[in-house]
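Reader: I'm new to this one. Could you walk me through how to read it?

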Amino acid sequence: MIVAGGGLAGVRTAEALRAQGYTGPLTLVGAEPHRPYDRPPLSKGVLRGDVDDTTLDTDWAALGCELLLGHRATGLTDVLETTAGPLAFDGLVIATGAAPIRLPGDGPQHVLRTIDDARALRAELRPGARVAIVGAGWIGAEVATAAAAAGCRVTVVEAADAPLAGAVAAEVGTKTARWYAEAGIELRTGVKVASVERGGLDLAGGGSVEADVVLTGVGVRPETAWLEGSGLTLDDGVVVDERLRTGRPGVYAAGDCAAWWSPTFQRRLRVEHWDTALNAPEVAAAGLLGGERVYDPVPYFWSEQFGHMVQYAGHHPVADTMLWRGDPSAAGGWSACWLSGDRLVAILTVDRPRDLLQGRRIIAGHKRVDRSALADPAIAVKET
Ligand code: FAD
């Protein structure tokens, strides 16, 4: 069996194949030179300087998995083509993740995807440095938090009208805008960046933002270009069914690169978050070993920004209404709840981890909720 990609989904695939009884040869091909490591701390502890090594605690020798690090999968024919030569397989899991989008322009710009990216950015977060962050999404918010804490002068430029607008809708994201002001950060929304130039950003509408350091956090694209011409269906990721199968027998995909069919939400989902990379591989491994498991999670992620724990479960685009639990303009925690009819389909919580746990269980169980009880933060999130 072969795993293409050495991120969390790749590691978890190798572990799951062994845990589920596979005893044959196993090889993981990973483009980065490092042993597989965890990414969430890169924008948190690593940028703060609290942690420098996030290598995953996997005993590769005990696992009996050959690591081909610093090598890329380059194509899929009847073998896996790689920079280390062609590899024959009877089972393949594609776990090549996603890569950050860069902006045009000749100026230096950081992105944040790898441990090398994180170390390079951390070295520039010095007191007084002018840091421009393009994008007020998850990465932008977390980097802004770390840069402000390091004493930098931070400007965040966001094309949409609110932070997190693309991720969780502007009406919810806008409630996080005051966190930027409280951290001493200038947040400029509705401003599009044309290019990164020496000395800062050129704005699409004219004008510029001067900066010593630029971090581009405008999203990622699935790493699937190497599969062009392979016969697999690619459409914003490797298209797979609810068992994570591609159209080709014995070839599965999992993690950030996989767009799977969600029975719960009746649509294809591609979720660029840790929980998916953690859990989907067990389903892919089971399928490769002849099992019949379905991957039908309630997507989940978290973000730590400006001293707040933000958590999300579900898929809000299927909702018809949203209601608040608690006052997002007041101090203290609050949640946003999305409903389709009287069913909870998504929940975002700020410093209310219990709401998240209870909400996620209700979403998974397709349970009905009472709207007025749900809107009352003093009453636990529960089904009717
Ligand atoms: P990746 O981690 O992208 O791993 C894919 C690997 O495959 C990479 O090493 C890549 O180099 C390699 N590769 C690519 N192409 C090839 C090829 N052709 N051949 C061989 N190898 C290849 N999620 C949360 O839920 N909460 C968080 O707080 C959070 N914080 C994050 C912070 C940062 C800075 C980042 C970058 C991500 C964060 N995430 C978070 C998201 C989470 O880390 C990802 O969803 C997860 O890493 C995806 O794992 P993956 O294995 O699918 O892909």
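Author: Let's go through the domains, then a contact between two of them, then the ligand. Keep in mind that this is a predicted model.

Reader: Okay, how is the protein chain divided into domains?

Author: There's domain 1 (2–99 + 220–288), domain 2 (102–216) and domain 3 (307–374). The centres of domain 1 and domain 3, taken over C-alpha atoms, are 31 Å apart. Their contact involves 5 residues from domain 1 and 8 residues from domain 3.

Reader: What is the area buried between domain 1 and domain 3?

Author: The size of an interface is often given as the accessible area lost when the parts come together. Here, domain 1 and domain 3 bury about 480 Å² between them, with carbon and sulfur atoms giving 67% of that. On the domain 1 side, T264, F265 and R267 supply 78% of the area buried against domain 3, more than any other three residues.

Reader: And how many salt bridges are there between domain 1 and domain 3?

Author: The count is 1 salt bridge. As for the kinds of residue involved, the side of domain 1 touching domain 3 has 2 nonpolar, 1 polar and 2 charged residues.

Reader: Now the ligand: how many residues surround it, and which are the closest?

Author: It has 35 residues around it, and E32, R39, K44, R113 and D256 are the closest. Look at the backbone too: an N or O atom of A73 sits 2.8 Å from a ligand nitrogen, and one of W302 lies 2.9 Å from a ligand nitrogen. A polar backbone atom of W274 is 3.3 Å from a ligand oxygen. On its own the ligand has 1,000 Å² of accessible area, and the protein covers 95% of it.

Definitions and conventions. Residues numbered from 1 in each chain as written. Predicted model: local features only at pLDDT ≥ 70, side-chain atom pairs only at ≥ 80, totals over all residues. Heavy atoms only, no water. Domains from an automatic or database assignment. Contact = heavy atoms within 4.5 Å. Buried area = accessible area lost by both parts, 1.4 Å probe. Salt bridge = Lys/Arg side-chain N within 4 Å of Asp/Glu carboxyl O. Nonpolar A, V, L, I, M, F, W, Y, C, P; charged D, E, K, R; others polar. Near = heavy atom within 4 Å. Polar contact = N/O pair within 3.5 Å; in protein donor to acceptor, adjacent residues only side chain to side chain. Areas by Shrake-Rupley, 256 points an atom, 1.4 Å probe, with all protein chains shown as cover.
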